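Hello,

Here is the model I said I would pass along, with the sequence and coordinates together. Have a look at it first, and my notes follow below.

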Amino acid sequence: MRPMKFGIGQAVKRVEDARLITGHGQYTGDVEAPGVATASFLRSPHAHARFAFVDLETARAMPGVLAVLTAADVVGLGGVPCLAPMANADGTTTPLPDCPLLCADEVRHVGDAVAMVIAEDELAARDAVEAIGVDWEPLDLVVDVPAAMKGEAAQVWPDVPGNLAFDSGIGKKEATDAVFAAAPRVVALRLVNNRLIANYMEPRGAIGEYDAGEDRYTLTVSSQGVHGLQDTLATKIMKLPAEKIRVVTKDVGGGFGVKTFMYREYPLVLAAAKMLGRPVRWLSDRSEHFLADAHGRDNVTVAEMALDEKGRFLGLRIDLIGGLGAYPSQYGPYIHYLGATMATGPYDIGAFHARVRGVYTHTTPVDAYRGAGRPEAAYVLERLVDACAREMKTTPDAIRALNFIKPAQMPYRTPTKRTYDVGEFEGAMRQALARADAAGFSARAAQAKAQGKLRGFGFASYIECTAWGEGEEGSLTLNEDGSFTVLVGTQSNGQGHETAYAQVVAQYLDVPVDSVRVVQGDTDRVATGNGTGGSRSIPVGSAMVARASDKLSIQLKELASDRLEAAVADLEIADGGVRIAGTDRAISFADIARLPKATPEARRAVESYTPPEATYPNGTHVCELEVDPETGQVTIERYTICDDFGVTLNPLLLAGQVHGGVVQGVGQALSERTVYSEDGQLLSASLMDYGVPRAADVGSFHFETRNVPSTTNPLGLKGAGEAGSIGSCPAVMNALVDALHRNYGIAHIDMPATPLAIFKAIRAAAR
Amino acid sequence: MISISMTVNGKPVKGSVDPRTLLVQFLRENLRLTGTHVGCDTSQCGACVVHVNGQAVKSCTTLAATCDGASVVTIEGLAKDGKLHPMQEAFRDNHGLQCGFCTPGMIMTAVDMVNRKGADLDEKTIREELDGNICRCTGYHNIVKAVAQGAATKSA
């Protein structure tokens, strides 16, 4: 593809930034809604309890209070549904409860909502929430996943015995068991993928409005895509035609998957707006975020690798038990399974079976969080591969090189029925190790040891799946003033889509990015869309924009052809207009837009793109760290990434995605610990208690690409939004285990490896 | 209700507020200066940082009433005569923001850092000084670069 000044591959600075660095962003809480009232929720202080209201009138009578709503006030509305139930391996299904908008008489986790107060302002609403009288009758509960599976455990749902929501499988069980029975060596590990809390910096928020004249609702919400929310509201909860509900999303302060889902507060602000005849706004605070937004990860996996005497992987067997929390969240059950579909990673493993179970507990629901199953799978596999290298007394790079799927094997059909189109896994690994100066590690480790520090070196080679499933339909329009407008149904959450899509248009139409406006996040303006998630926006959205650009180019040439008195075939797009190839006879896009034949239809191209298969980004992350044995403190000294994202659309944005993802993975590995007490209280429910990485907890990164273009994506792109969080956990933990194993023979430690956990492991090993 | 008055971004303002009103609520709700954000409720995240009488403070933990008579500068007041502050430019140049929600607080903290520590800031200093500002998107790599550039540019 010909390089364009602002086109694909260029480090174009973001068009979004002008408003965001001056304080003129429009996050949900910044949106003006004249006459808006404030909603606040009474949430359960108990993990499991029956309850009855004993005093609602005091709250209702308080100054500024407009309404106090309970389940009795919203009986006509459906609950929040799970959209991704899992069947059992034998084909049966387990009853799937909805999450009620407000609990009627029983709560199932701390933070479950029981009443909604709407008042003139936030202070009045909060005062009234505290005045509501409730008679709580605490019930037996269970917060720990393995404990929840025992017969005597309290049941979250009466019709789900053993709290087992599903018991599914993937791969070939008998064949895999046979391989294990005959295998010369088997290496096994039990690993915890710790429960995480997203902690995007903008907590969720929503504004409900109702237009009585048009009998129509508008929801302004911090989301990852308006169309999915509109559909769930219309078809499942409010049971209205979709056109009766407009959903708008403006600037979003991070989402990481967790802002994808329907949450109870959204239909409730709409219902309250209709009841009160004025807009109703709810803005979550950080404490509410910890309790009321879906959590991520949360599984315990036993993984076994069967090997031959040379270290070739013969079979992989996985037993994964995933936490679901108290309610099946929108995609919660499926996420645990999704990870298992990537369980064999970049390796050629003949036999594979995974058992995947989902279990309810009296905790906040669990759902997709950046990577959604794939980080969990990559973590398990790469920890296991390092353990295999130790068992076989070989090196981590040698055992990987031996077992990687080779480029000549592409396209490669995995045992989970995926088809990898391309990938040069050893190439990326060798490049990353060279850049990380793996050869110089011993000298650095010796130097560290002389200073009383334990240095470790570890890496992870991952592959993940992105941009699968639904497509995008959108349009590109030449406006009357010569500028362009893209309508697209993906939703930027900070990734820089406005810039990225403008670059695609700039590539095809040779215009500056600031002449392209990207419209997203409004069901009235964009007809369809599937939002941001699964690293899909750039691979899928850009392919659609490229097609629309191509199509519009032809339409604009047709318009220009009369004026230039030349055949379309002799015309080219150049320098902001159409010209006769090889001449200086041209017409600008602005002049084309004013031609008599330039009707709105002639200036607009509608296109769609649906991916035929996922794209498969891959690469190697290398971490070098030091442990202070006196404190258990870990310092990451060097971090090197070599990734294959197919084609780089914008190197600035791409590196930003990787940096951010890596630090989320570092957080999971070292500091982010979600702690429930035995009585179901979330003890880590603030930024003072939950270890989101700070600037001083991490260092800078070396990131480079070794791209192999995707053959299934028209632009060669592979998704890049989640890869950072996928390569990082195993790289950090392999480096940490390396440091601990070299010095103390410690071969295992779980995430999050906090200073206390490391300190305890060292003390235990030293005894 | 109590009456308060202060100077915000160079302009005199006044209001009648509940004594419990926080400075950030006064800025956002009364003055509609929504560039200052609320990201937490424990003074940890720093999305709400503004300058009060020349010093960075977390406006989510400051009562509006205690700022009676003070001079307050918010992110909206940082650019002068339509020209961005060098720290704002540096955040854009270095892709130091993604979702942008933490960015106003980051920039106000960074400007205060330069005021206190000077223009020659090394990575370690910048990282330590950013302890009270959380970003979940960027991994800090580009924020650190932006602060260093913004600091150096200011002195040039």
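In chain B, 62% of the contacts with a separation of 6 or more are between residues 24 or more positions apart. Please keep in mind that this is a predicted model. The secondary structure of chain B consists of five helices and five strands, and their order along the sequence is β-β-α-β-β-β-α-α-α-α. As for overall dimensions, the C-alpha trace of chain B spans about 45 × 30 × 25 Å along its principal axes. Its radius of gyration is 15 Å, which agrees with the value near 15 Å for a compact globule of 156 residues. Of those 156 residues, 56% count as buried.

Now to where the two chains meet. Chain B brings 44 residues to the contact and chain A brings 42. On the chain B side, helices α2 (86-93), α3 (103-117), α4 (123-129) and α5 (141-155) each supply at least two residues. By class, that side of chain B divides into 19 nonpolar, 15 polar and ten charged residues.

M87(B), Q88(B), A90(B) and F91(B) are buried in α2(B). Viewed down the helix axis, the buried residues of α2(B) fall within an arc of 160°, so they line one face of the helix. After α2(B) comes H95(B), with a positive phi near 50°.

There is another positive phi in chain B, at R32(B), where the angle is about 60° although the residue is not a glycine. R32(B) belongs to the loop between α1 (23-30) and β3 (49-52) of chain B. Is R32(B) buried or exposed? R32(B) has 10 other C-beta atoms within 10 Å and is therefore exposed, given that 12 or fewer is the cut-off for that class.

On to chain A. The domain assignment gives domain 1 (17-25 + 469-609), domain 2 (31-139 + 201-254 + 259-292) and domain 3 (382-466 + 614-766). The centres of domain 1 of chain A and domain 2 of chain A, taken over C-alpha atoms, are separated by 38 Å. Their contact takes 16 residues from domain 1 of chain A and 17 residues from domain 2 of chain A. The side of domain 1 of chain A that touches domain 2 of chain A has no nonpolar residues, with 14 polar and two charged ones.

Helix α14 (residues 497-509) of chain A has 13 residues and runs 18 Å from its first C-alpha to its last, close to the 18 Å expected at 1.5 Å a residue. α14(A) is mostly covered, with 13 of its 13 residues buried. Just after α14(A), D510(A) adopts a positive phi of about 50°.

If you plan to check backbone geometry, here are some places in chain A to look:

- M410(A) and P411(A) are joined by a cis peptide bond, with omega about -5°; P411(A) sits in the loop between α11 (396-403) and β16 (412-413) of chain A.
- M751(A) and P752(A) are also joined by a cis peptide bond, with omega about -10°; P752(A) sits in the loop between α18 (723-744) and α19 (755-766) of chain A.
- N199(A) has a positive phi near 55° and is not a glycine; it is found in the loop between β8 (185-193) and β9 (205-211) of chain A, and with 24 C-beta neighbours inside 10 Å it counts as buried.

H295(A) lies between α8 (286-292) and β13 (299-307) of chain A and is buried, with 24 other C-beta atoms within 10 Å. Leaving out residues up to four places away in sequence, H295(A) touches R195(A), L196(A), I197(A), G325(A), T364(A), V366(A) and T674(A). H295(A) and G332(A) are 37 residues apart in sequence and 9.6 Å apart in space, C-alpha to C-alpha.

D73(A) is in the loop between β3 (65-69) and β4 (106-107) of chain A. With 18 other C-beta atoms within 10 Å, D73(A) is partly exposed. D73(A) and A574(A) are 501 residues apart in sequence, and their C-alpha atoms are 61 Å apart in space.

Best wishes

Conventions:
Residues are numbered from 1 along each chain as its sequence is written. Chains are lettered from A and ligands numbered from 1 in the order in which they are written. This is a predicted model: local features need pLDDT of at least 70, side-chain atom pairs count only at pLDDT 80 or more; totals for chains, interfaces and linings use all residues. Domain bounds come from an automatic or database domain assignment. Two residues are in contact if their C-beta atoms, placed from the backbone, lie within 7 Å. Ala, Val, Leu, Ile, Met, Phe, Trp, Tyr, Cys and Pro count as nonpolar, Asp, Glu, Lys and Arg as charged, and the others, Gly among them, as polar. Helices (H or I, at least four residues) and strands (E, at least two) are DSSP runs, numbered from the N terminus. The expected span of a helix is 1.5 Å times one less than its number of residues. A residue is buried if 20 or more other C-beta atoms lie within 10 Å of its own, exposed if 12 or fewer, and partly exposed in between; C-beta atoms are placed from the backbone. The arc is that of the directions from the helix axis to the C-beta atoms. The radius of gyration is taken over C-alpha atoms; the globule rule is 2.2 Å times the number of residues to the power 0.38.
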